[in-house]
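Please look over the structure shown here before reading the notes on its chain contacts, its helix packing and the confidence of the prediction.

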Amino acid sequence: MTHPEPDPVPVLALEGVSKSFGAVRALRGVSLQLFAGEAHALAGENGAGKSTLIKALAGVHRPDEGTVLLDGEPVVFHGPADARDAGVAVIYQEPTLFPDLSVAENIFMGRQPRRSFGRVDHRAVHAATADLFRRLGVDLDPDQPARGLSIADQQLVEIAKALSFDARVLIMDEPTAALTGSEVARLFGVVRSLREEGAAVLFISHRLEEVFALCQRVTTLRDGAWIATEPVAGLGEDDLIRRMVGRDLDELYPKLPAEVGAVALSVRRLTREGVFTDVSFEVRGGEIVGLAGLVGAGRSEVARAVFGVDRWDGGEVEVAGKPLKPGAPSLAMAAGLALVPEDRRAQGLVMGMSIERNIGLTGLRATSRAGVMNRGSERSRAVDWAVRLQVKYARLGDLVGTLSGGNQQKVVLAKWLATSPTVLIVDEPTRGIDVGTKAEVHRLLSQLAGQGVAVLMISSDLPEILGMADRVLVMHEGRIAAELDRAEATEQSVLAAATGVTGRAA
Amino acid sequence: MADTTAPFTARLRSARLGDMVRWDTVVGALLLVLLVCSFSFVDNFGNALNLSFLIGNTLPIALIALPMTLLVVSGEIDLSVGSTAGLSGAVMGALWNAGYPIETIIPICLLLGVVCGLVNGLLVTRLGLPSLAVTIGTLAAYRGIAQIVLGANSVTDFPQQYLDFGSGRIAGTFIPYAAIPWAVLLVLAAVVLHATPVGRSLFAVGASEEAARFSGVRVKRLKLSMFVATGFVSALTGVFWALHYASARYDNATGLELSVVAAVLLGGIDFDGGRGTLGGAVAGVFLLGALQNVMSLVNVSAQSQIVVTGVLLVVSVLGPRVARQLSVARARRRTLTAPVVPAAATAPAGGT
Amino acid sequence: MTTTMEPVRVAVPASRGLLDRVLKMRELAILAVLVLMLAATQIDNSAFLSQQGIKDLLLNATILVLVAVGEAMVVITRNVDLSVGSVLGITAFAAGDFLQGGGNPLLAVVLAVALGAGFGLLNGLLVSIGQVPALVVTLGTLYIIRGIDSIWIGSREITAGVLPTGFIDFGHNGLSALPYLAVLAAAVLVAVAYFLRNYRSGREFYALGSSPEAAGLAGVPVRRRILAAYIACGALAGLAGALYLARFGNVDSGTGSGYELTVVSAVVVGGVAFTGGSGSVYGVALGALLLTSINSVLPSIGVSSVWVQAIDGILLLVAIAVDRILALRVAGILRKRAAETRSARHG
């Protein structure tokens with residue numbers, strides 16, 4: 001790896017870093033160098049190891065192999081505090097705030113300005129926070145509790161926190177996912193001025209145009225391995241995507257044309273106060289409908305409400321023409337609905353249970369007789385679906401947590417396909433899984449649609465939406481902002497609707 | 001796949017080792033060792049009278065431990081069981097004093113237990129309150145109501161045939177009559193927990209309530225029914241207590257909740273939910289019971305017995321965790337030294 | 001991607017300090033209940049709030065306030081200590097035994113505090129290093145400490161007769177209606193409140209209870225803070241033990257038995273949530289005062305004391321239920337308001 005950079009010593013660097021979690025090898029011999037005054041992009045698909053790399057830099061994970069270098073000297077960060085003291089500020093994908101404490105306290109926890117006898121100077125904390133917010137152009141109240149802040153506002157608090165360090169290295173893991181266009185522009189202004197003052201910046205974003213707008217160099221990861229580090233100038237979006245995906249897009253999105261049947265799922269004027277408003281759409285048998293939008297736009301919330309995990313305040317849901325009672329997943333399942341939820345580890349699977357028990361959980365009634373479980377049919381149902389979906393496991397009795405991310409996702413799909421649903425809602429079906437499994441999942445969804453299943457696919461991965469969906473619904477701020485045909489749907493049209501630029505075209 | 005077998009087998013080996021040294025098996029073995037040693041070396045342990053004392057004194061804990069096990073597996077706890085038993089006994093005494101026939105009184109007491117459980121369950125499931133806080137509250141409230149109902153009186157003149165049932169033994173054996181309904185409940189609880197959809201759901205809810213809800217488990221209803229079952233069995237225990245000791249007082253079964261919780265946790269039921277076996281819980285109950293009995297026989301003071309209970313409790317939660325951490329660390333060392341080819345690398349080959 | 005609209009930022013005055021206000025309301029609500037109850041009792045029985053009556057109310061509250069303040073620190077970090085009753089019992093006896101042997105009263109108090117801190121250290125180590133649920137560990141140490149206490153004491157007991165008169169006087173006298181013990185408890189209360197409010201480590205207690213994951217990422221030394229909370233809790237239980245001895249002059253092996261439930265009730269009634277991260281020790285002190293006052297109020301308005309326990313329990317239930325309903329309401333309001341400002345900003 002050679003660098004054209006004149007700057008001899010990187011501020012912060014990784015050399016040959018590997019990190020495993022159980023059976024999953026998240027990073028494999030990755031090297032990365034961050035230079036003062038440079039914005040460096042980290043590209044890669046979901047699950048390529050970007051978040052793990054950041055956590056290694058931030059002192060959250062200690063690498064199994066390899067070293068972290070600070071100003072060219074090897075260092076060991078024993079915890080986030082060590083990294084922070086070395087001037088490394090991190091903005092995580094999911095905000096990590098203290099809901100009970102004020103915004104100002106959140107920013108300065110553990111580093112509050114002090115006056116005599118080591119007492120916290122509350123006035124200085126307040127003033128410094130107000131100052132940061134002015135610099136960011138945000139009008140949050142420093143004394144407001146963090147509980148109840150929108151995701152965008154939480155993200156802004158995180159950014160203010162990172163700014164408050166006067167950090168030498170600023171690491172941002174998808175900071176713009178929930179921000180509007182002008183908020184992004186303002187953030188970029190701040191980041192640029194930081195960089196000009198000599199800070200090194202590591203930036204992760206799914207929006208490639210942001211990478212091109214902000215960064216000088218880009219490092220690409222795939223399946224936990226280093227692929228390339230190169231200047232952004234002269235690189236095209238297609239080049240970058242090819243490095244990230246490692247294969248042609250057609251192969252990754254094997255969408256087959258399918259016979260579109262009768263309306264299977266009909267959602268009319270569904271409203272949950274403060275979460276989503278007046279959401280109406282239909283999904284027909286054989287159709288894959290994509291549901292796009294920014295994080296926090298209310299997509300998952302709609303799915304949860306339809307499936308009965310959350311209640312709704314107004315509107316109605318019909319499955320195959322029959323109204324569905326709100327608030328009961330068991331009834332939704334009986335009506336033929338299945339939901340592969342967003343958070344695999346917390347919602348999709350019971351991590352402390354075996355593969356067999358996880359698959360069996362959706363078919364307890366089918367595999368019991370007179371209220372007593374039939375071990376034989378319980379096991380054969382699990383084996384059947386685990387084999388059909390090519391789950392790689394040692395024993396069905398192993399804890400599901402021992403599987404890799406992709407195989408875990410297959411178990412989630414198995415447990416739901418085993419219920420023979422007529423409507424399948426998948427929420428981020430390929431987040432955090434390797435490219436090979438990703439293609440398998442896509443082929444599976446395509447096959448299911450071919451068999452007449454109505455599929456509603458929520459995804460933040462735009463190429464996935466564009467590659468797989470027959471029709472695309474775009475949500476913005478809790479409302480359906482646009483409905484686009486496969487032909488109309490392009491990266492630009494979907495993003496425009498998702499960020500509210502186009503208003504309500506329908 | 002061939003080159004991935006090394007870490008796989010390493011994992012398998014440690015998993016099998018883990019199966020063999022499961023905590024509930026350890027507790028069962030300890031109980032067995034204790035019984036064998038006691039029969040051999042402790043004077044008067046093996047005679048029928050002592051054994052019937054042992055069982056009779058342990059039965060209240062053993063009874064409540066059955067539904068408590070199911071409740072703890074689902075991730076909740078009920079600290080009001082002792083008070084519910086006390087309240088049930090107090091109402092029994094008060095109604096008996098008021099001249100009602102015992103055949104009417106007992107169903108009323110059991111119904112009262114159901115109501116007590118329902119109150120706990122509704123507060124936990126409808127309002128989303130932590131069961132610990134709720135049942136500390138009802139612990140005081142139910143005991144307080146028992147005190148209001150019966151004051152400082154004690155009622156002892158229950159019909160002789162019922163008292164005989166409460167303290168008598170099956171002819172020619174050391175087994176108390178009351179062990180028969182307990183055995184029936186034991187079988188029922190074991191089947192429910194380990195061989196029915198309800199049991200499967202309980203484990204799922206305890207291990208991850210959210211994932212269970214997303215899988216269509218009716219979490220609230222399930223938890224509510226477990227609280228009701230616990231209330232019912234607690235009231236039953238209250239009736240048994242009053243008959244066994246021939247005395248209904250408001251302070252019957254005070255502190256019983258701590259013994260039950262200690263025994264259940266000792267038996268390997270994970271306090272965080274989702275893990276444990278009914279066999280382990282029962283072994284835990286009788287290990288504590290037998291230990292106390294033996295210590296009394298060899299003249300260890302009651303106070304020292306308390307210390308032993310406490311130490312066992314701490315060890316029972318610390319032990320499995322330390323063991324698990326050690327085995328995780330061992331597995332990690334093995335994975336690191338084994339020649340590893342990541343599973344992810346083989347996945348595309350299998351898929352395409 | 002460029003945007004065409006400059007978002008209109010709207011001021012959100014109503015959400016300003018909403019939670020703060022609710023929390024303050026919480027303390028005011030306890031105060032209101034307390035004042036109403038005392039006033040009603042006074043009207044019914046004019047002798048109730050005599051100088052001696054007020055003194056008794058404060059004296060009764062002192063010990064519970066001290067232990068509850070310690071417990072509050074632990075609960076704020078999202079843990080619990082059930083062994084406080086046992087610690088109180090054993091430290092009271094230790095102090096008594098020391099005094100009985102002719103020891104210095106001040107040293108006796110120090111001894112009790114140190115012994116309590118030692119037990120707190122034990123609990124804290126088990127919870128923070130052993131990573132075992134606090135409830136189970138402290139349930140275990142509740143037994144262990146009580147057992148050690150019983151073995152040590154046996155059937156002995158400490159009576160006021162064997163204690164130095166100065167020590168007993170300190171436990172009973174005061175500045176007119178204000179007992180010395182209450183002054184001491186108030187001083188501790190103010191010091192703890194000031195610490196929790198104005199020191200980094202104090203704020204970190206709240207951060208830790210509010211979100212352990214975020215606390216770890218923010219570099220809060222999680223284990224050390226949990227350890228500190230337990231040591232403080234144990235030390236305060238020890239201090240309370242010494243004061244118990246001074247107040248009642250009578251200690252046996254059952255002293256403090258079952259006290260943990262009263263303490264937890266006071267903490268929860270006082271507005272410190274079991275889920276950690278919220279509440280204040282002033283609220284807890286008010287909660288303790290409310291609970292002990294009920295015990296004095298009921299007899300003086302002619303209600304039998306058999307009602308006390310039931311009322312304590314129901315009060316605890318009402319307190320947590322009301323807290324929960326309020327929290328749900330606030331969350332709903334915040335959710336709606338967030339949605340409104342969002343659409344106002346971009347709409």
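Two residues are taken to be in contact if their C-beta atoms, placed from the backbone, lie within 7 Å. This is a predicted model, in which local features need pLDDT of at least 70 and side-chain atom pairs count only at pLDDT 80 or more, while totals for chains, interfaces and linings use all residues. Residues are numbered from 1 along each chain as its sequence is written, and chains are lettered from A and ligands numbered from 1 in the order in which they are written.

**Helix packing in chain C**
- Helices α4 (residues 105-128) and α5 (residues 134-153) of chain C pack at an angle of about 145°, with their axes 9 Å apart; helices (H or I, at least four residues) and strands (E, at least two) are DSSP runs, numbered from the N terminus.
- Axes here are lines fitted to C-alpha atoms, for helices over the stretch in contact, and angles run from 0 to 180 degrees between N-to-C directions.
- On the α4(C) side the contact includes C:Phe119, C:Leu122 and C:Asn123, and these residues belong to a group that meets residues of α5(C) including C:Val137, C:Thr141 and C:Ile145.

**Chain B against chain C**
- In the contact between these chains, 38 residues of chain B touch 35 residues of chain C.
- The side of chain B that touches chain C receives the most from α6(B), with 14 residues.

**Confidence in chain A**
- Over residues 1-5 of chain A, pLDDT stays under 50.

Notes
pLDDT is the predictor's confidence in each residue, from 0 to 100.
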